Amino acid sequence: MSFLFTNARIVDGREPERGAPVEVLVEGEVIREVAPKISAPSAEVIDLKGRTLMPGLIDAHVHTIACLADLGANAKLPDSLVAVRAMKLMGEMVMRGFTTVRDVGGADHGLKVAAAESALPAPRLVISGKALSQTGGHCDFRGPYDDRETIRTGFRLGALGRVADGVPEMRRAAREEIKAGAQFIKIMANGGVASPTDPIHFLGFSREELLAVVEEARNAGTYVSAHLYTDEGIRRAVECGVHSLEHCNLIQSETAKFAATQGAIAVPTLVTYDKLSSEGAAMGFPAGSVAKIDSVRLAGMESISIMRDAGLPMAYGSDLLGEMHRHQSEEFVIRGRVMPAHEVIASATAVAARLLRMEGKIGTVAAGAFADLIVVDGDPLADLSLLTRQGAHMPLIMQGGTVLKHTSLN
Ligand SMILES: [Zn+2]
């Protein structure tokens, strides 16, 4: 099947203005050609009449299995229920225009295969498997009086992570995740909001453990992503070779500059703190966690400016839980308050593609890339909110050359 988009004005985050009208030829699952005029007599012509054509969006921080806001309870759900709910959450993501998502804790290789082969729409999935946490860290949901032995094998699909302590366990856990299909390793290297016994300022893991897990990831040709908030935690992680810096709400200028020189990429997730603050309690987020939100939420906006000024690239992240997933696209609008719109869009196209190591394949409208494309009514460079509202302003969504949504383009 081939399609020829005509009168398409490309927005991919590289330029502050929409491109001049071009034609884009899709053959099979890839983009074959982008040019002012293309001859393709057998292709189905879709005249966009000057509408915006964008590469499918990329969200670099999701938890596809987080169907409940209470992550401790989520980890106890049966796998069958979690799998079906995760497919539903993923279907909703792709209908918001996110044709690729990076799962940073929870999804396993089975879910990735299911998403790829299912007739139900789902994003391309890049996975870390289970995130690694120390005892009492961000994936240890046992409360202070719960001294049951932590599970070391046979993790439920609904669990975001697993507990590992000490260098040998760290290495083994990383190797097990990679063997099971993890494409990078996720670790919890700071305290967290959603977990019961780790204040934000706690550093997760010793330096030796961090160095060991970075070595294991590099041995497998990949990288480590770390959950991080504090300036001290971020600096230590970057010194140990961590590449993907999640959240970073409390980062300071010197550390941001240092991270930039090390080639790291940050993944802020401001929307989740915004929504946890306004909706979390009603959605079942535990009271002890609600009390922690403002310690990271309030510094969030400033962190975006700090990282931008330091030249630290930022990929798009949302990190939403349970029913709050519906706010996934609002991160665009939040960042748009302190950054130019094209840079915000680049976070979900070029920067995220680089982080996922899929440059040239996703996040671009170019020959050889997957035909992951969204059509937008209006100019998102002038109004980022066109990317919100569950795809309401996206009359067409295509993934790998397959049309997932196509409403009238009159
Ligand atoms: Zn997360």
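**View 1. Domain 1 and domain 2 of the predicted model.** The C-alpha centres of domain 1 and domain 2 are 30 Å apart. Domain 1 comprises residues 2–56 and 363–406, and domain 2 comprises residues 57–355; these bounds come from an automatic or database domain assignment. The contact (heavy atoms within 4.5 Å) takes 28 residues from domain 1 and 26 residues from domain 2. This is a predicted model, in which local features need pLDDT of at least 70 and side-chain atom pairs count only at pLDDT 80 or more, while totals for chains, interfaces and linings use all residues. Residues are numbered from 1 along each chain as its sequence is written, and side-chain values use heavy atoms, with hydrogens and water left out.

**View 2. The area buried between the two domains.** Domain 1 and domain 2 bury about 2,000 Å² between them, 67% of it on carbon and sulfur atoms; buried area is the accessible area (1.4 Å probe) that two parts lose on being put together, summed over both. Within domain 1, Leu384, Gln390 and Gln399 lose the most area to domain 2, together accounting for 27% of what that side buries.

View 3. One salt bridge is counted between domain 1 and domain 2, a salt bridge being a side-chain nitrogen of Lys or Arg within 4 Å of a carboxyl oxygen of Asp or Glu. Asp372 forms a salt bridge with Arg124, with the closest N and O atoms 2.8 Å apart.

**View 4. Strands on the domain 1 side.** Strand 5 (52–55), strand 16 (396–399) and strand 17 (402–406) are the elements that give two or more residues to the side of domain 1 that touches domain 2. Strands (E, at least two residues) and helices (H or I, at least four) are DSSP runs, numbered from the N terminus. Strand 16 gives the most to this side, with three residues.

View 5. His61 (NE2), His63 (NE2) and Asp319 (OD) are the protein donors of the zinc ion, lying 2.1 to 2.3 Å from it. Donors are N, O and S atoms within 2.8 Å of the metal (3.2 Å for Na, K and Ca); water is not among the atoms, so sites may look incomplete. His61 belongs to strand 6 (residues 57–62), whereas Asp319 lies in the loop between helix 11 (300–310) and helix 12 (330–336), 258 residues apart.

**View 6. The surroundings of Gly181.** Gly181 is found in the loop between helix 4 (166–179) and strand 11 (185–188). Not counting residues up to four places away in sequence, Gly181 touches His109 and Ile127.
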